[in-house]
Structures are given as C-alpha cells and as structure tokens.
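Subject: Structure handover

Hello,

Here is the structure I promised to pass on. My notes follow below it.

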Amino acid sequence: MNSQRYLLKNASLPDGTVSDVLIADGVIASISSAISDPDATLIDVKGSVVLPGLVDLHTHLRQPGREDAETVLSGSRSGAKGGFTALSAMANTSPVADNAGVVEQVFRLGQEAGLLDVFPIGAVTQGLAGVALSEIGAMADSIARVRVFSDDGNCVFDPMVMRRALEYIKKFDGVIAQHAQEPRLTVGSQMNEGEVSAVLGLKGWPAIAEEAIIARDVLLVDHVKSRLHICHVTTAGGVEIIRWAKARGINVTAEVTPHHLLLTDELARSYDPIFKVNPPLRSEKDVMALREALADGTIDIVATDHAPHTMESKECEWQEASFGMLGLETALSIVQKTMVDTKLMNWAQVAERLSTAPARIGGYSQQGRNLAIGSSANLAIINPNSSWIVDRDLVASKSRNTPFHGYELPGVVTHTFFNGVATLMDGALVQVSEGR
Amino acid sequence: MRHLLSISDLSKSQAVSILDTATELARVSDGAVKKLPTLRGRTIVNLFAEDSTRTRISFEAAAKRLSADVINFSAKGSSLSKGESLKDTALTLQAMGADAVVIRHSASGAPARLANSSWMNGSVINAGDGTHEHPSQALLDAFTIRKHLGKGAPDLVGIRVAIVGDVLHSRVARSNVLLLTLLGAHVTLVAPPTLLPVGVESWPVTISYDLDSVIGLVDVVMMLRVQQERMSDLFFPNAREYSRYFGLNSDRLKLMSPHSIVMHPGPMNRGLEIAAEVADSARSVIVEQVANGVSVRMAILYILLTGQPLEAGSK
C-alpha cells in the first residue's frame, strides 16, 4: 500500500456538498470539513468536482498484436489522463483473447503498468468467428477473473451460439456484451444509412441492423434468464427496445459512447475517415434520443470504445480506412458538454454512469465505490469551470485518431488517484512504475 | 474555382459558364486546326485507379487540344495497384509538378481526400468516384440537352428529364440530379425500389417505379448502365425481368414525345437497359454525347487552370 497522503481541500462531492477529503494508505481516510494534516500533500480543489475514478467497460488496448497503435501501458496513461481508474480491454487482439493465456498476459501487463486496473474481456467465440465457444470457464477462473465476454467488432450473430453463451456464463454471473450488428444487412457498410449516405455514395449501415439484434437478444436473455449488455447503442429505435425490455424486467444493460452523444453523420461529408467508426455516427434525432436515454437510465453507462489506429489506417480513402476513434481522454469533457452543461444530468448521475454502474456491470468490486471512509481511493477530479482545446499531438495515447482535434471542450481533468496513488497531478501524468 | 469534386460545389452561373465555354471551345474543335495554345507548359495527370477507357481518352483529348502535357497513370501496372497509398501517389504527383490531376477511383470521396489533404496543391478533377459523382459526365449531358432542347436559353428551365435504372450505384445519376435541377430542369428518377438509395426522398426529384407512365411525359430519357455485379445481389430477379420493366425498347420508344431524345453515359448493355434499335435510332444522341464530352472537359480544364471562362468571340 502507498504511504503517500493527500489532502483535497474544498472538494465538491458528486452530491453537491463541499468537504475536505483525506487520502491515506490507499483509501479515503476522512471526509469532513476543515481537515488538517501536516504530513499530507495539500491540493486545493476549490470549484472542482471529485468523482469516483472512472471505469470504462469498452476499451481497445491493442496489445498483444498492434503495439504500434496502443499498448496496455500507453492506453493506461491515456486512461489516467482522462480520469479513469479501470479499463476493460476488448478481446479483439492478435492473438484473440479467447483463452486464459492471453487474458492473463493482458491482466499482468495492466498490473505492471500500474496506473489503473485493466480488466480483460474474453472473446465469446474462438477467434471471434462466431462458431464455437471460447474457453469461457478457463478465462473466468484465471487470475484475470474474466466476467465480461464480447466478440466486439463482430456480432455474435448465430442465435444458437448466443443462447448457449448466455446460458454458460450464468455459472459465474458473467455477462455477454453484444456488438449488435446484423451482418447480412451491413455487408461493406461505411456509414449510417440515410440522407447523407445517399448523397455521398457510401454504403449504408441501417439502424435496423442494430435494432434487430437488440430485439432478438433481449428476448433470448429473458428466456434463459441470464445477463446481457448492449455495447455502444446508437439509434433511437435501439433505445426504444431497451426501454421496453427494462419495463418488462429483462436483465439488460446498455452503453453509449461519448462520440455518439455529440457527433452526427453530417461529418462524413468531409470524407475524412477520422469520423469513420463502427457503429457509425447517426442522425441528430438519434443523438438526442441517446442523451435522453442516458439521462433517464434506459442507457446505464457511458463507455468509450476507445479505438486507437495508426496514421496510415486513417490517411487514406474512406472505404479503405479502419473504423474507430480515440475516447479516453475526452470522455468526461464530452459528457459534461452534452449531459451536464445541458442540465440533463447532475454530477451524481455522472458518477453513476461513468463509474458506479460500469463497475457493477463488470463485477469490479473495488471500483465504482461511492466516496466513503475506508473505500479504495480511486478518484477523478474535474474542474468544470475550465475548458481546453483538444490537440491530437498532445494525447497520451500512442495513436492520434481523435475526432475532436481543435474542439474546445469544457471540463479539465486535473487529478486522478488510483488506490491512493496520484497518476495525474495538475493535468500531468505521474510516472508510477517502470512499465514496458 | 480550384477543384471540380462535386456538382454541389458549383453555382448556377458557374455551371452555365462551363457550358458556354464548352460551346466556344467546340467551335475550335470544328475548325481545321483543333488546338489552342492555352495550357502550353502545364502538366495534367490522368490518375485512373479504375478502368475507364472512354473517360480517360476524353480527358486526354481535351487536355491535348489545349496543348497541355498529359501523363497517364492507370491502375494496371501503376503503384496504386501495388498497394501504394493514395497519399504517396499524391506526394509523387506533387513532386512531379502536376498542375491538375484528373482522378477516377473506385472509392467514393477519393478526389475529395486528394483535394482537401495537404498532400498536393494542384487542381483536382473528379472523373468518377465510386458511387458518388461524375461531374464532367453531368456537364456534358447538360451541354447535350441544352444544345438539342435549350432553344437558346442559358439554362434548362422547364425541361423534363427521366433518369432510368440503377440510381443507387450511379455516380452519373447523382451528378445529373444536382446539375439538371440546378439548371432548372425537372428530374424524375425511374427505378425498381431496390435500386434507389434510402434517403432519396430528400432529393429535389420525382420518384417513379413505372417507366411506362413516365416515358411519354419527358423531353429526355437518360438510361443508366446496369452493372453485371448487380445481377447476383438480389436487386431484381433476373436480367430479363429488369429489361421488361426498365429497359428502353422499341415499343417504349414509340411512346416518347416527337421532339424527345435518348441518352446513355456508356458503355451500354445492348439488349438489357437499352435495345440496339433504340441506341441506333434517330432519337439517340449517345454518340454525340461522346463528342460533346471533349468540349466540356476542355472547358473544365480551361476554367480551372486559367481561372476564367472563355468569352464568346475571343480566341
């Protein structure tokens, strides 16, 4: 345990109260007004909001396989810069995380980096091919204790495979995180199907291809009484189906990405593949429906779908480019811009959607804890009254594919604490250990 | 005007001035000496990353008649087919001092990528990109229509045009919808519902699924090519059924108004979307479209590279 002590003065807590917070021995040692501790490093955070450390349920760390785009270490640094204290590493690495060996490797790399918790996600099917179940049990029993399984990037399309996977994970209260994309309706798809794709001559990715799978899977999970999580919901219709399912008591949770809360398919008119992402940017109507759903809890969490790509995968024709955009370092600012500054949510709800709920869904028991004495000191501090200009050349990620380059965003993440250790101080990353 | 990427970049007066310049330049082409010295010393690269003999030859002839140096860079045997990136190709062309790049590419938006990147600073002319646009084709089509039916007007106000066939995959249709409506024509798209894009409702056109109900009411019937690869992708049951409902055959030719014309951007599938006797009939202006293509492309190069239209009567 870390012996460094920090005293946060004048902290605004998520519930709006102002207090001092003492961090010692890796935990929150005290919360009260006017704490004094001569041994503690004093940080006056007046005007800033202290949140439980952010938890991302959907991160692409690219290691093993594409260390030129991101590593567990560089992704951890990117996460710490964005206020995260836990990431969930998606399974679509090379080799695929479909066995205990790979998930243990990723888990260990996360521990070596030491900047936050890295929880590997296991593949549902071998090689993400959608045919045969991967070694789900072995991954669950490994030191990585995998609970979230996903073929993200590929939809678990075969309904029998999906049924079996949902049933099998009940053994250890796992969850299947489904990338909802009907493959036959999206062969070669490049962007949202609608008025813009019609003009641009880019092959459409219809909303129905997402909604059809969500509808099928909420019925399946209800039938087998398991647990389903829908990755990156993007459509108003998808929201409606989830709302219906929850009203019926079906055990489904859902996520939305920051970029789908802000950007629309109009951006494709530039043909700049920096805006190419899967699922694609949708219409203004969808964006508004997603915000409303996140506010009312139909969508449980924000997850970044942080997807680093090398320059050459984006400096090309749209249809040749890779899908995906960076997300970790801009997530909280985008949420403030779209949800808090618009009065749709307060900071307590931000804490719930970006920390408590994702930790609950992933089964990360030491993460997403309310700020309480004795809790692990996993904290993110944001100054909501300040703003910053996103510069792709200044990101901590190894890649530069942020769609927000040049945007002025509200909310500056100034400090991140992971188990009481400062990983971000005054906006600068702290070297915690010699990672590799 | 620096690039020609999409018809949506043009104002009505710019479009008209391209057509007017083409009219002037056509006079040159009809003369004994077909060449103008205008672009002497300028380099134009034909970057064809997708096969297209006719468009390439048309641009080449246009550039040569304006005395430009022409470099042909076609996909087969070029670095693009060896996996060189568009960026590296552009940097190479920039290093070679290309004043303009005429690009044909299978990816929608590839010309826009060239023009809007910092990779090269010459003019970019879209000679057909994926299923997006083919602006020079639309300009030559508008030129042809104006010549036949314009009655001396600068634009196409009041002229009724049917565009028939695979609108979904057609860059010719997209550019023509934009240009013909910009010039005041009324456009009806005629196609099976499978071959119209979702979102077409927002276009300033009339939609019909029934060629027979439209054909007698228009001044121009523009047929689109049906690509072979559509046959196997469930857009229609088979070629014969497509031809029966959407082909322009001699029976349908008889339903057309006496003054109306038949157009096709080529290459034609004779017997599929257009019958041989229609293609070769007196109403067909298909061969003339090819000839007009050279004049219109001369006008595009002229305006982009000199920065001004050619005034009537000047030389």
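A cut-off first: a residue is buried if 20 or more other C-beta atoms lie within 10 Å of its own, exposed if 12 or fewer, and partly exposed in between. Apply that to A:R145. This residue has 15 C-beta neighbours inside 10 Å, so A:R145 counts as partly exposed. Please keep in mind that the model is predicted.

Backbone points in chain A

A:R145 is worth a look for its backbone too. Its phi is near 45°, a positive value in a residue other than glycine. A:R145 sits in the loop between α3 (136-141) and β9 (148-149) of chain A.

A:Y271 is another non-glycine residue with positive phi, here about 60°. Its loop runs between α8 (258-262) and α9 (284-296) of chain A. Is A:Y271 buried or exposed? It has 26 C-beta neighbours inside 10 Å, so A:Y271 counts as buried.

There is also a cis peptide bond between A:Q63 and A:P64, with omega about 5°. A:P64 belongs to the loop between β6 (54-55) and α1 (72-81) of chain A.

Domains of chain A

The contact uses 28 residues of domain 1 of chain A and 38 residues of domain 2 of chain A. On the domain 1 side, the elements giving two or more residues are β16 (379-389), β17 (408-418) and β18 (421-425) of chain A. The largest share comes from β17(A), with six residues. By class, that side of domain 1 of chain A has 17 nonpolar, eight polar and three charged residues.

One helix of chain A stands on its own in my notes. Helix α10 (residues 331-340) of chain A is mostly covered, with 10 of its 10 residues buried. Among them are A:L332, A:I334, A:V335 and A:M339, along with A:Q336 and A:K337.

Where the chains meet

In the contact between the chains, 18 residues of chain A meet 20 residues of chain B. Which element gives the largest share of the chain A side? Helix α5 (residues 195-200) of chain A does, with four residues. The chain A side divides into six nonpolar, six polar and six charged residues.

Chain B overall

Chain B has 11 helices and nine strands. Its radius of gyration is 19 Å, close to the 20 Å that the globule rule gives for 315 residues, so chain B is as compact as a globular protein of that length. Along the principal axes, its C-alpha atoms fill a box of roughly 55 × 50 × 35 Å. Of the 315 residues in chain B, 51% are buried. Among contacts in chain B with a separation of 6 or more, 78% are between residues 24 or more positions apart.

Domains of chain B

Chain B is assigned domain 1 (7-133 + 292-306) and domain 2 (135-289). Their C-alpha centres lie 25 Å apart. The contact joins 22 residues of domain 1 of chain B to 23 residues of domain 2 of chain B. On the domain 1 side, α1, β4 (123-129) and α11 of chain B each give two or more residues. α1(B) gives the most, with six residues. That side of domain 1 of chain B has nine nonpolar, eight polar and five charged residues.

α1(B) also packs against α11(B). The axes of α1 (residues 12-30) and α11 (residues 286-306) of chain B come within 8 Å and cross at roughly 115°. The crossing is right-handed. From α1(B), the contact includes B:I18, B:L25 and B:S29; from α11(B), it includes B:V294, B:M298 and B:Y302. The residues of this contact divide into 11 nonpolar, three polar and no charged.

Local points in chain B

B:T181 lies in helix α6 (residues 171-182) of chain B. It has 17 other C-beta atoms within 10 Å, so B:T181 is partly exposed. Not counting residues up to four places away in sequence, B:T181 touches B:V187 and B:P204.

B:P267 is in the loop between β9 (261-263) and α10 (276-279) of chain B.

Best wishes

Notes: Residues are numbered from 1 along each chain as its sequence is written. Chains are lettered from A and ligands numbered from 1 in the order in which they are written. This is a predicted model: local features need pLDDT of at least 70, side-chain atom pairs count only at pLDDT 80 or more; totals for chains, interfaces and linings use all residues. Axes are lines fitted to C-alpha atoms, for helices over the stretch in contact, and angles run from 0 to 180 degrees between N-to-C directions. A crossing is left-handed if the near helix is turned anticlockwise from the far one by less than a right angle, and right-handed if clockwise. Two residues are in contact if their C-beta atoms, placed from the backbone, lie within 7 Å. Ala, Val, Leu, Ile, Met, Phe, Trp, Tyr, Cys and Pro count as nonpolar, Asp, Glu, Lys and Arg as charged, and the others, Gly among them, as polar. Domain bounds come from an automatic or database domain assignment. The radius of gyration is taken over C-alpha atoms; the globule rule is 2.2 Å times the number of residues to the power 0.38.
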